[in-house]
Structures are given as C-alpha cells and as structure tokens.
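Colleague: Could you take me through this model before I start on my own notes?

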Amino acid sequence: MSLLDEIRQKNYLTWHQHTHQVGAPILQVKSVSVEFEAGVALADVSFELITGERLAVVGPNGAGKSTLFKVIAGILTPSQGQVDIYGHEPGGHICIAYVPQRTQVDWSFPVNVADVVMMGRIGKLGLFRQPKAGDWDIVRESLDVVGLTDLEKRQVGELSGGQQQRMFIARALAQEAELMLMDEPLAGLDIHSQEDILQILEQLHQREVTMLVALHDLKIARERFDRVMLLNQQLLGLGPPQEVFQPDILLQTYGAHMHIINSDAGIIAYDDTCCDEGSPS
C-alpha cells in the first residue's frame with residue numbers, strides 16, 4: 001500500500017474524535033479473536049497497558065503479532081472480543097500511532113520526509129485545512145528528535161531502512177501520539193541503526209509515550225522493555241522478562257524453532273525464524 005493509503009487506513013482522517021474516559025487504561029484488549037479464511041490468527045487474547053509502559057510482543061512468524069497491532073489500531077475488526085483505547089473503540093482516536101513493517105509500505109510513493117511527518121498532523125488539522133506555521137514547527141521539532149532535519153526534503157524511497165523507521169517515529173511525534181504500535185521496527189537493520197532506534201524509544205519513554213513493540217530479538221526485549229508478551233495465536237506469557245522467559249513457556253511459544261542453552265550466565269534462548277511476519281498475521 002502507498003503511504004497515503006496507510007494513513008487513510010489508520011483513520012487519521014476521521015472527523016469525530018473520541019474523548020478519553022477518566023480513569024480508564026490507555027489500552028484494554030478483551031478476549032480478542034481473529035479468523036481468516038486461512039485459519040485462526042488470534043485466539044482469546046486479553047491484556048491491558050498502563051500509561052508510559054513499554055511492552056515487547058515476541059513470537060514466531062505467523063504468531064499474530066501484526067494482526068494484533070492492526071486490531072488495536074482499528075485497521076482490522078476482530079471476529080470476537082473488543083479493544084478499548086481510554087474506554088472507547090479504536091476508531092476516532094488520534095492518540096494512536098501505528099508504525100507498520102517497512103515491507104508493507106510502497107516506498108515509490110512520490111513524497112518527501114517532511115510531508116510524511118506532516119501527515120501526523122492531519123487528525124488535528126482536519127482533512128482540508130492547510131498546516132499553519134505552528135504545525136510546521138512541530139514537524140521540524142519531531143525531525144530534530146529523530147535526527148532527520150537535514151533530510152526533510154529527501155524522497156522517502158531514497159532513505160535507508162533506519163532512516164525510514166526514524167521518519168515514522170517523527171510522524172508519531174508530530175501526531176502527539178500517546179500510544180505507539182511499532183511492528184518489527186528493528187527488522188532488517190544493522191546494529192548501529194537498531195541502536196539509533198532504541199535510543200529514540202528511550203526518549204519516547206521519558207516523554208511517557210506508551211509503546212507496544214513487536215520484536216524477534218529476545219535479548220533486546222529482556223533488556224529494554226518493562227514487560228514481555230509471548231504470543232503464538234494465544235497469549236502464552238505476559239509479565240517481566242525474567243518471569244516470562246522460562247524454558248517451558250519459550251518452548252510452548254516457539255516449538256522446534258526455539259533453542260535453549262543452559263550456561264553459567266543463565267538461560268540463553270534464541271529462535272531461528274526470520275524477521276518478517278507472514279500473511280495473514
């Protein structure tokens with residue numbers, strides 16, 4: 001899909017916006033199931049997030065991670081169950097920023113970096129209103145946070161993978177998002193680019209942005225996130241990494257793809273799946 005289609009699909013152009021219910025969690029997922037013609041993608045998944053929390057979602061390819069994110073973003077409707085953002089369904093919220101996998105975006109779309117980041121302001125501006133000077137100030141500030149100020153006029157297809165991810169984060173900042181859904185933001189990036197993204201996520205954490213991030217790297221999930229979810233169609237584990245990353249739960253999640261080594265440093269676990277989610281999840 002093109003970048004513009006992704007923006008439309010995410011409901012950034014919705015006129016009616018939900019108010020936040022006082023005292024409600026930023027995110028509640030209640031008994032969500034999703035079925036496609038090819039089979040079950042999610043089965044009876046329930047959890048909630050508190051404001052400012054960082055939750056890593058890990059699991060093998062086809063585990064339903066992308067499907068879960070799209071349901072929370074309001075792009076997909078669950079077969080059963082419901083999602084509430086501050087007490088209301090996802091549609092109509094401009095506080096949610098969805099960062100898709102880079103492989104799902106048409107990077108040939110003729111738009112530059114600053115224009116993509118400005119797309120994050122559409123929900124606040126309205127569809128046909130022109131950005132004001134203050135909106136461009138927010139765009140430039142967002143680009144500065146992610147280190148892309150010098151590339152604001154660069155066409156998106158000319159960016160590296162790490163720069164593309166930083167551009168999407170800048171768009172979320174310009175949107176003034178309170179909940180960020182990031183689907184495999186580190187996939188396909190070198191170590192330096194991954195560390196750049198992780199440093200930016202740390203800045204977002206300091207701003208109390210709530211983050212739900214799909215990952216394949218269990219070490220990063222353990223070291224950089226408050227809680228971890230192990231997902232394989234079903235929610236198999238949820239809690240602090242040291243509690244969730246146990247051999248029996250990991251084997252249940254990954255099956256034959258999981259390799260576990262007992263060492264003096266503790267349990268070492270890694271999976272041999274590749275980084276891109278498969279269809280439909």
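Predicted model: local features only at pLDDT ≥ 70, side-chain atom pairs only at ≥ 80, totals over all residues.

Colleague: How many helices and strands does the protein chain have?

Modeller: There are 10 helices and 11 strands, taken as DSSP runs numbered from the N terminus (helices H or I, at least four residues; strands E, at least two).

Colleague: And what share of the residues is buried?

Modeller: Of 281 residues, 53% are buried, meaning under 20% relative accessible area with a 1.4 Å probe, protein chains only.

Colleague: Switching to the sheet, what is the strand order?

Modeller: The open sheet of 3 strands runs E2-E1-E4 with antiparallel pairing, where two strands pair if DSSP finds at least two bridges between them. Strand E2 (39-49) and strand E4 (80-84) are the edges, each pairing on one side only.

Colleague: How many bridges join E1 and E2?

Modeller: Strand E1 (residues 27-36) pairs with E2 over 7 bridges in the antiparallel sense, and Val32 has Val45 in E2 as its bridge partner.

Colleague: Which helix packs on the sheet?

Modeller: Helix H2 (residues 65-73) does, touching E1, E2 and E4, with contact meaning heavy atoms within 4.5 Å. The direction of H2 makes about 120° with that of E1, using lines fitted to C-alpha atoms, for helices over the stretch in contact, and angles from 0 to 180 degrees between N-to-C directions.

Definitions and conventions
Residues numbered from 1 in each chain as written. Heavy atoms only, no water. Buried < 20%, exposed > 50% of the residue type's maximum accessible area, 1.4 Å probe, protein only.
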